[in-house]
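Have the model open while you read.

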Amino acid sequence: MVMVAAIMEAAVIDKRITENPARGIRISRRDAMAVDEDAVPTSAEVDLIAAHIAPQFRLTVYLQSGTGQRPSEALAFSTECRRPGYVRIRWQVSAKAHREDCQTPFVPLKHRLEKECRDVPTALFVEQEIDAHLLKWKPVPVVFTGQKGKRIRLETYFAPRQPDAGVMPSIASYGYQFKKACLSAGLVDLDGNAKYTPRSLRHFFASTALANGVPIHEVSRWLGHRSVKTTVDIYGHLLPSAWDRCRDVLQGAMRPVSPDVTSQSAEGASSSGSARAA
């Protein structure tokens, strides 16, 4: 597909065709793969990454781990995102935001139209990190033109702050700082490479919520997945085991027993187990 698109683009340049029919066509992605449990950092490791990353990106670490935002969404965080007890995610940083000629540094969310958004609850530590960030860096106004031609102004948290500071932070620049933080914190694999990536923080949010009983359809909505099937495919194996609960539910439905009988059965099973062990 990439080669076909390149051939078509070359044909346009050579004036053999008037436009590239492959331009803007998205390549079909393979089915979502289950996340590796070893690819999910612990809460202590999240704090370690935040402590070693460049200070201006510390908040990004907690926006991802605390609200499940994609790296591009966290980098587009603005004052309009913050609401009482939750964040409203509406924009993400454009893949072209790092280019000096980019006129649209922010674009709609993945799988969403420009007017769509999603709300995610915020824990107290996220609120505290936002406040701490604002004590050091005030929001910077960025004006751009939306897809419908309307001028939009955002008070952004991660925009350049000096005239010579360059362009908007990109996923690549954030990824570079994230990798440096992992190496500095000693979070490396056997080959000495960074153990985690920015996406690992999104895995932390999802796996932590699911492991503690938060309904998977809610987590799916907060992550911004196209369907709950994607969430199940990626994180379904991390849900708490329901084996014991399933046994109790079916026993209660088919052969309800009194607590005394249940207790005696448990004691009998324990005795039987001890006898087999002996």
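S2 and S5 pair in the antiparallel sense, with four bridges between them. Strands pair here if DSSP finds at least two bridges between them, and the elements themselves are DSSP runs numbered from the N terminus: helices are H or I with at least four residues, strands are E with at least two. Across this pairing, Arg-88 sits opposite Asp-119 in S5.

Before going further, note that this is a predicted model: local features need pLDDT of at least 70, side-chain atom pairs count only at pLDDT 80 or more, and totals for chains, interfaces and linings use all residues. Residues are numbered from 1 along each chain as its sequence is written, and side-chain values use heavy atoms, with hydrogens and water left out.

Back to the sheet. Three strands make up an open, antiparallel sheet in the order S1-S2-S5. Its edges are strand S1 (82-83) and strand S5 (118-121), each pairing on one side only. S1 is joined to strand S2 (residues 86-89) by two bridges, again antiparallel, and Arg-83 has Tyr-86 in S2 as its bridge partner. The S1 and S2 hairpin has two residues between the strands, and Gly-85 there takes a positive phi near 85 degrees.

Now for the charges. Side chains of opposite charge can pair when their charged atoms come close. A salt bridge here is a side-chain nitrogen of Lys or Arg within 4 Å of a carboxyl oxygen of Asp or Glu, and the structure holds twelve of them. Among them are these:

| Salt bridge | N to O distance |
|---|---|
| Arg-118 and Glu-73 | 2.7 Å |
| Asp-119 and Arg-88 | 2.8 Å |
| Glu-80 and Arg-90 | 3.6 Å |

Take the salt bridge of Arg-118 and Glu-73. This pair links distant parts of the chain, with Arg-118 in strand S5 and Glu-73 in helix H4 (residues 71-74), 45 residues apart. Both Arg-118 and Glu-73 are buried; by the cut-offs used, buried means under 20% relative accessible area, exposed over 50%, and partly exposed in between (1.4 Å probe, protein chains only).

Next, the side chains of Glu-80 and Arg-90 meet in a salt bridge too. Glu-80 lies in the loop between H4 and S1, and Arg-90 in the loop between S2 and strand S3 (91-93), so the pair ties together parts ten residues apart in sequence. Glu-80 is partly exposed, at 28% relative accessible area.

Asp-119 is partly exposed, with a relative accessible area of 26%. There's also a network: salt bridges with shared partners join Arg-70, Glu-73 and Arg-118.

Where does Lys-15 sit? Lys-15 is in the loop between helix H1 (2-13) and helix H2 (43-52). Although not a glycine, Lys-15 has a positive phi of about 60 degrees. At 76% relative accessibility, Lys-15 counts as exposed.

Finally, the whole chain. The secondary structure comes to eleven helices and seven strands, and buried residues make up 36% of the 278 residues. Of the contacts (heavy atoms within 4.5 Å) with a separation of 6 or more, 59% are between residues 24 or more positions apart.
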